[in-house]
Structures are given as structure tokens and as C-alpha cells.
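Please check each point against the residues concerned.

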Amino acid sequence: MRKLCLMVLLMALGCMQAQAETLTYGWQKVDGIHLFYREGGPRDAPTLVFLHGNPLSSIMYEKLMEDLAATGKLHVLAVDYPSFGYSDAPDHATYRYTFDHVADTVRKFLAARGITRYGLYMQDYGVPVGFRLMQANPDAISVIVVQNGVIHLDGFPSAQDPQGELRRHWQTRNPAVDRRRAGYVARLAYPRADGWSPDDGVTPDAALLMVAAAQRPGVIDGRNDLWFDYGNNVLRYPAWQAMLRKMRVPLLVLWGRRDPFFTTSGALAYQRDVPTAEVHLLDADHFASLEVPDEIATLINGFLSRHSVATPPPSGSP
């Protein structure tokens with residue numbers, strides 16, 4: 001009887017272990033900057049790289065990465081960009097906060113971690129960073145997952161008007177926009193019992209880290225530089241769309257359908273470039289990976305079971 005009880009206990013513990021996988025954490029030095037990363041799963045398994053959005057960090061993927069690592073079939077890796085999360089925040093006078101430069105920093109991070117072929121999971125700011133990685137080395141990319149991040153104006157209502165404030169700011173920098181953004185960051189408060197409610201499904205832990213990182217001295221200057229540079233992403237949308245059509249890489253699109261900033265039209269637009277893309281509209285907001293990580297993990301596992309993250313593209317493919 002005792003032997004049977006022990007077997008049942010061991011089986012239960014094994015099930016619990018399969019449901020959650022502890023990630024490891026560290027800092028990788030790149031060009032003198034310490035970049036924080038989260039990592040899990042077997043290092044010899046296919047790799048899925050997570051690129052976070054603004055204003056959060058890799059913490060937005062914590063639970064999702066644990067779920068995926070628990071399968072034992074996937075190596076997951078996420079990095080905080082300079083000034084985000086736990087990464088160093090170099091002054092904008094010494095580090096150029098442009099998407100070109102951030103993407104180059106991430107590329108060097110992946111090289112330093114020994115990652116040469118990988119799938120990409122991108123959200124928000126992660127999309128323009130990731131598409132630059134694809135442009136630099138399309139053969140390195142095995143699968144693409146997009147969550148609430150656009151390369152079509154269809155899903156970006158506030159940027160559709162060429163004479164609107166955003167487009168005009170990206171053409172000629174408006175100091176009033178920079179001041180407004182700086183004031184907003186300065187007023188951000190930590191989660192508390194009274195007067196606080198989550199925005200976009202952001203958890204208290206993610207909000208706490210976001211506020212602490214954003215309010216470090218000088219960080220808003222670099223963030224404002226990066227936002228001003230966002231206009232260069234919009235200019236590249238047609239080239240990125242053409243690249244997707246040429247790459248023929250399996251594409252999964254996951255979208256929090258309650259996102260007011262990047263709307264569901266942006267999700268459906270990907271099927272114009274990749275008609276075979278799988279699109280799932282989720283009952284979530286902008287940061288869906290924080291709200292429905294288990295649902296997203298199930299969708300990713302199913303997608304990867306149909307499209308190997310490790311299989312190289314056919315020789316001579318266009």
C-alpha cells in the first residue's frame with residue numbers, strides 16, 4: 001500500500017513539473033551594455049526568440065515561456081532592449097535609440113548566445129526589431145509568430161492620416177510630444193490598493209517593472225528618440241510586406257481583439273502577404289501574452305507541430 005501511495009505521489013509530482021518549467025535569467029554583455037534575458041527549455045532544441053513590446057519588457061512572456069519550455073521540445077529565449085526591463089539604460093548621447101541600432105544590438109545578443117537559426121515571436125516594438133533581423137538574414141528564420149504588431153497601416157488607425165499628429169511628428173519632431181510623453185512617464189505610479197487598475201491587461205508585476213525601468217534617469221530621452229524613429233518603420237512597411245511574400249515562412253498571427261491601438265484589421269492584413277497564415281483573434285487586449293498565456297501556448301504548440309522550427313527552407317527557394 002505504501003509503495004502504491006508513493007507511486008501515485010511521484011506521478012502527481014511529475015504532472016506538476018510538466019505544467020510549469022522554471023526559467024533561468026542572466027545578463028549578456030553586448031558592446032559594453034548588459035542585456036537581461038530569460039531562457040528555458042533544452043538548449044539543443046529548436047529556438048523561439050521573443051521580442052517584447054513597448055513599454056514592457058520580456059516579463060510579458062514569462063508564463064508563456066514557462067508553458068512552452070515545459071514541453072521539453074522547445075528552447076525559448078527573450079531579451080530586454082537597452083533601457084527596458086532589467087537591461088542597462090545607456091544615455092541617449094552615447095547609445096543611438098533607433099530601431100536600426102536596437103535591432104543590431106539584438107542581433108549581436110543572439111550571436112553571443114550562439115543562436116544561428118530560430119523562430120521569431122514579436123509583439124508591438126518587437127515587430128520592427130524582428131523584421132530588421134529578417135532583412136539582415138532571412139535564412140536564419142524558421143517560423144514567424146506575430147502578436148499585436150503591425151506592418152500594415154490597416155491596423156494602425158492613429159497613423160493613417162498623413163496630416164495627423166503622429167505622422168507630422170515623425171516627419172518633423174515636435175518637442176511638445178516629447179514633453180507630453182515625459183510628463184506621462186513621470187506621473188506613472190506603482191500598483192497600489194487605491195486608484196490603480198491594469199491597462200491593456202498588464203499585471204501588477206509587469207507594471208511595477210515597467211514603471212521602475214521607465215523612470216530611471218535619462219530613460220525617457222532615449223524612449224522619445226525611439227518613438228520619433230518609429231516613422232522609419234512605417235516607411236518600410238511595403239518592403240517588409242514584399243519580404244514576407246518572398247520568404248514563404250510559416251506565419252502564425254495572434255491578436256488581442258480588444259486592442260484599441262493596433263486593431264484586428266492589422267491581423268487580417270497579414271493574410272494578403274501570406275494567404276496560408278493562421279490568424280487567431282483572442283479575447284484579450286494589447287498584451288495578450290499576459291492575459292491568456294495558456295491559450296497562446298496551446299496555439300503555438302499546435303502550430304509548431306505542423307511547422308518545424310528547425311527545418312531549413314528548401315534549397316533555392318525564392
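1. His 286 sits in the loop that runs between β8 (278–282) and α10 (288–291), in what is a predicted model. With a relative accessible area of 4%, His 286 is buried, and its side chain makes a polar contact of 2.7 Å with the side chain of Asp 124. Apart from neighbours within four places in sequence, the residues in contact with His 286 are Gln 123, Asp 124, Gln 147, Asn 148, Asp 200, Asp 259 and Phe 262.

2. Asn 148 belongs to the loop between β6 (141–147) and α5, and its phi is near 45°, a positive value in a residue other than glycine. Most residues other than glycine have a negative phi. Is Asn 148 buried or exposed? Its relative accessible area is 0%, so Asn 148 counts as buried.

3. Asp 31 also has a positive phi, of about 50°, although it is not a glycine; this residue is found in the loop between β1 (24–30) and β2. Asp 31 has a relative accessible area of 58% and is therefore classed as exposed, whereas Asn 148 is buried.

4. A further backbone point concerns the peptide bond from Asn 54 to Pro 55, which is cis, with omega near 5°. Most peptide bonds are trans.

5. The largest pocket itself has a volume of about 1,000 Å³. Which helices each supply at least two residues of the lining? They are α5, α6 (175–187), α7 (204–214) and α8 (219–247), and the largest share, six residues, comes from α6.

6. Helix α7 has the buried residues Ala 206, Ala 207, Leu 209, Met 210, Val 211, Ala 213 and Ala 214. The elements that cover these buried residues include β2 (33–40), α6, α8 and α10.

7. Arg 167, in helix α5 (residues 165–171), is a residue I would ask you to inspect. Arg 167 is buried yet has no salt bridge, and the nearest side chain of opposite charge, that of Asp 161, is 7.1 Å away; a salt bridge would need the nitrogen and the carboxyl oxygen to be within 4 Å. A polar atom of the Arg 167 side chain does, however, lie 2.6 Å from the backbone oxygen of Ala 159. When residues up to four places away in sequence are not counted, Arg 167 touches Leu 153, Ala 159, Gln 160, Asp 161 and Pro 162.

8. Gln 241 is placed in helix α8, where a relative accessibility of 17% makes it count as buried. Its C-alpha atom is separated by 9.1 Å from that of Val 274, a residue 33 residues apart from it along the chain. Leaving aside neighbours within four places in sequence, Gln 241 is in contact with Ile 151, His 152 and Asp 273.

9. The structure holds 20 salt bridges, among them one between Glu 39 and Arg 43, whose closest N and O atoms are 3.4 Å apart. Glu 39 is buried, with a relative accessible area of 5%, while Arg 43, at 46%, counts as partly exposed.

10. In another salt bridge, Arg 107 and Asp 104 have their closest N and O atoms 2.6 Å apart. These two residues are three residues apart in helix α3 (residues 99–112), and are therefore separated by about one helical turn. Arg 107 is partly exposed at 39% relative accessibility, and Asp 104 is partly exposed at 25%.

11. Arg 173 and Asp 178 also meet through their side chains in a salt bridge, at 2.8 Å from N to O; Arg 173 counts as partly exposed at 30% relative accessibility, whereas Asp 178, at 14%, counts as buried. Elsewhere, salt bridges that share partners join Arg 257, Arg 258, Asp 283, Asp 285 and Glu 291 into one network.

Methods: Residues numbered from 1 in each chain as written. Predicted model: local features only at pLDDT ≥ 70, side-chain atom pairs only at ≥ 80, totals over all residues. Heavy atoms only, no water. Helix = DSSP H or I, 4+ residues; strand = E, 2+ residues; numbered from the N terminus. Buried < 20%, exposed > 50% of the residue type's maximum accessible area, 1.4 Å probe, protein only. Lys, Arg positive; Asp, Glu negative; His and termini not counted. Polar contact = N/O pair within 3.5 Å; in protein donor to acceptor, adjacent residues only side chain to side chain. Contact = heavy atoms within 4.5 Å. 1 Å grid on protein atoms, 1.4 Å probe; cavity = no way out; pocket = protein on both sides within 12 Å on 5 of 7 lines; lining within 4 Å. Points joined across faces, edges and corners; volume = space filled by probe spheres on them.
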